Amino acid sequence: MTLLLLSNSTSDAGYLVHAQPAIRDLVAGLPPASPAAFVPFAGVTRDWDAYTALVAAALADTGLDLVPLHRADDPVATIAAAAVIVVGGGNTFRLLHELRRRGLLDPIARRVWAGGRYLGWSAGANLACPTIATTNDMPIVDPEGFSALGLVGFQINPHYTDAHPPGHRGETRAQRLAEFCTLNPEMPVVGLPEGTGLAVRGATLTLIGPQPARLFVGTAPPRLLAPGPLEMIA
């Protein structure tokens, strides 16, 4: 498989600008105007047509021909023909709900396992995991189960931060992930800070970005993952 799983899409430089080198690596070798199926369903307050236009502009230099699934006459055929599956961020529960309701989870998984490349950020990175249980989002809709694509054998927590504002009495992100790991001790979780991502090429896993990630497993203290090649997790 060839995957690029990003923590975030936005930065001070612009939409997906920080990820352009990694995206170019992801699509390297594809013919010009290769079809890319765009999954906008995580958008809630963002209109899906507007979302498509935003992503199309951000990916214009890649040469991909972005086809939004909400406009496709035959979404399953669009997925089967896609060289790249692009899954945008937003609300992970809405994303999974729409894909399950439309019967598109299995077609996406089959396409990626068959060689289609996968680009996902935030909710799109969550979707690549075994479940969406480590998303940061509110469950604004019932997705009828947390099981996701299972393209990787570990969980991701996008937008990971160690920040704890003065006066804040709620749990930190690390405490929330510790709760998950206590009840799911065999499932690793990678906390991806802003500006970072994971690139998967076959059996090779690489942490990209300017700062380390965090690896949570069971009740052990989280450990730092330095940018660069990693041992495959789980």
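Start by selecting leucine 6 and tryptophan 121: Leu6 stands opposite this tryptophan, which sits in strand S5. What you have open is a predicted model, where local features need pLDDT of at least 70, side-chain atom pairs count only at pLDDT 80 or more, and totals for chains, interfaces and linings use all residues. Residues are numbered from 1 along each chain as its sequence is written, and side-chain values use heavy atoms, with hydrogens and water left out.

Now show S1 (residues 2-6) and S5 (residues 117-121), which pair in the parallel sense over four bridges. Strands here are DSSP runs (E, at least two residues) and helices likewise (H or I, at least four), numbered from the N terminus; two strands pair if DSSP finds at least two bridges between them.

Next, colour the whole sheet. This open sheet has eight strands in the order S3-S2-S4-S5-S1-S8-S9-S12, with mixed pairing. At its edges, S3 (65-68) and S12 (228-230) each pair on one side only.

Select helix H5 (residues 105-113). H5 lies across S1, S2 (35-39), S4 (84-87) and S5, and runs at about 135° to S4. For such angles, axes are lines fitted to C-alpha atoms, for helices over the stretch in contact, and angles run from 0 to 180 degrees between N-to-C directions.

Move on to S8 (residues 197-201), which pairs with S9 in the antiparallel sense over five bridges. Glycine 197 stands opposite isoleucine 208 in S9. Two residues lie between the strands of this hairpin, and glycine 202 takes a positive phi near 60°.

Of its 45 residues, Ile85, Tyr118 and Leu127 touch the most other members. Apart from that one lies another core, of 22 residues, including Ile23 and Leu119.

Centre on Leu127 and show its contacts (heavy atoms within 4.5 Å). Not counting residues up to four places away in sequence, Leu127 touches, among others, Val87, Leu95, Tyr118 and Gly150.

Finally, zoom out: the protein has seven helices and twelve strands, and 50% of its 234 residues count as buried.

Terms used:
A nonpolar core is a set of buried Ala, Val, Leu, Ile, Met, Phe, Trp, Tyr and Cys residues joined through side-chain atoms within 4.5 Å. Buried means under 20% relative accessible area, exposed over 50%, partly exposed in between (1.4 Å probe, protein chains only).
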